[in-house]
Amino acid sequence: MTEVLGVSVGASAVRMARPDARPQDSGRLDFHHDTVDAYWDRAEELAAESIGVVLSQPGDGGPVQATGVAYRDQQQFGEIQQAMASQRLYNYRLVPEARAALQYLEASGELGHFGTIALYDLGSSGLTISVIDRGTGQVLLAERTIDISGDDFDRLISDNQLAKQGVDIADNQELSEFTARCRVAKEQLSTSGAVCLPGDGGVILISREAFETLVTVPIEYSARLVRDVIGRSPKHVDALFLIGGGARIPLVEAILSAWIGLPVVTPADPESVAARGAALLATPVADAPRRPGPQPGVRQSPSDPASLTGAPEWLSPEPAPDKPADSKRKVRGAVLVAGGLVAVAALGLSLGYGGSSTEPTSAPAETTVPITAVPTTPRTTTAPTTVAPTTTAVPTTEAPQAPARTYSEPEYVPPAAPAPAPPPPLIPGLPQIQLPQIQLPPAPVIQLPRF
């Protein structure tokens, strides 16, 4: 038989069950049980640590090949997943507690001929009532309340004992320890008529009759809830099964039998029914997906579950593919070069550069220069400018000397209209940017003084 492990996670205890690999003479399936007190720790984290310890130690039938963990609701489902991932545990399956309980009751033969059953699961944190169709395994109706729980019974015993002794414990730590001893007394009252537990906070002395007087009202309240859930069930309920630690209290079965009017069955070891059913539903997860370990030079984020070494794929979404670093550098470099070229082009246009070497950037500026006058007609010459940034006067060759030198005022010639600016330079590989047209002022006309 394959070695398997079943686990149930309660608020005050983690219970583990392993089927006995040795065949029994009676043919009955037997289990080895272990209980870890979770009264002072978070149950989900303690369960993951305990599973890790069991998996590291091979049992009588060899190492554990499969693990089943029963969960109560969706919130606990996620908490168990996180706790198991923190312990690097992946070869396990999560199953609902109601389904696990039905699996064990079916395998043990305690279901008998019943078709639709109701589960009364009274634990330390609350009460869950479920209606299950045996044929399909479907939960037809479920309701949970925290108005009645095993912890409430412990506080009732604690208040009763402190009132009898006239003691008021102000320290929270001492009060928690005293309540924990009351829980032990409650468990012993399931099989004993009276309990006496000495301790530092005082002696706990209580009988079963006194205890039943304290818890009668809460149990009757739970019976009304069961009757209401069964009345709203879409299918007729054939029997009521009591599981959980609270099912060990004899008064619970007595009150429910009187109030419900249905057969009431309490299996052996009712608190471990879910753990045994989880073991029967455990199957190996050989293909559990895992992420590769950390790569050299890659920083792992502790807040991201996906960055943990070996974190399962289903714990976090797929990360978006990263772009190659080289392509990022190329794009960044191209943007910088383009920006620089655009700035240079704009500066050149503002200063009058950037045109073709064969075409002037503007219309030739008219310049009046001194000339040699002839006796009869004055002359005025106009010299075109060059591509130099400044305009200079170009002197003409003087004519032969005349007997008399006279000067006349040159005629005013209006400057030509400036030619339109050439189109901006083209930069290969970049989108064309339309730069604003810059109009340069006309060159001033130099007036020569009269003599």
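Start at the second largest pocket, which holds about 750 Å³ of space; a pocket here is an open set of points on a 1 Å grid over the protein atoms alone, where a 1.4 Å probe fits, with protein on both sides within 12 Å along at least five of seven lines, and its volume is the space filled by probe spheres set on the points. Select R15, G123, G244, G245 and E271, which are the closest to the pocket centre among the 35 residues that line it, lining residues being those with an atom within 4 Å of a point.

The model is a predicted one, in which local features need pLDDT of at least 70 and side-chain atom pairs count only at pLDDT 80 or more, while totals for chains, interfaces and linings use all residues. Residues are numbered from 1 along each chain as its sequence is written, and side-chain values use heavy atoms, with hydrogens and water left out.

Next, colour the elements that each supply at least two residues to this lining, among them β1 (4-9), β2 (13-19), α4 (150-165) and α8 (273-281). Then select α5 (172-188), which gives the most to the lining, with 3 residues; helices are DSSP runs of H or I with at least four residues, and strands are E runs with at least two. By residue class, the lining divides into 9 nonpolar, 14 polar and 12 charged, with Gly counted as polar and Asp, Glu, Lys and Arg as charged.

Finally, show C182, which is buried at a relative accessible area of 0%, and C196, which is partly exposed at 48%; buried means under 20%, exposed over 50% and partly exposed in between, with a 1.4 Å probe and protein chains only.
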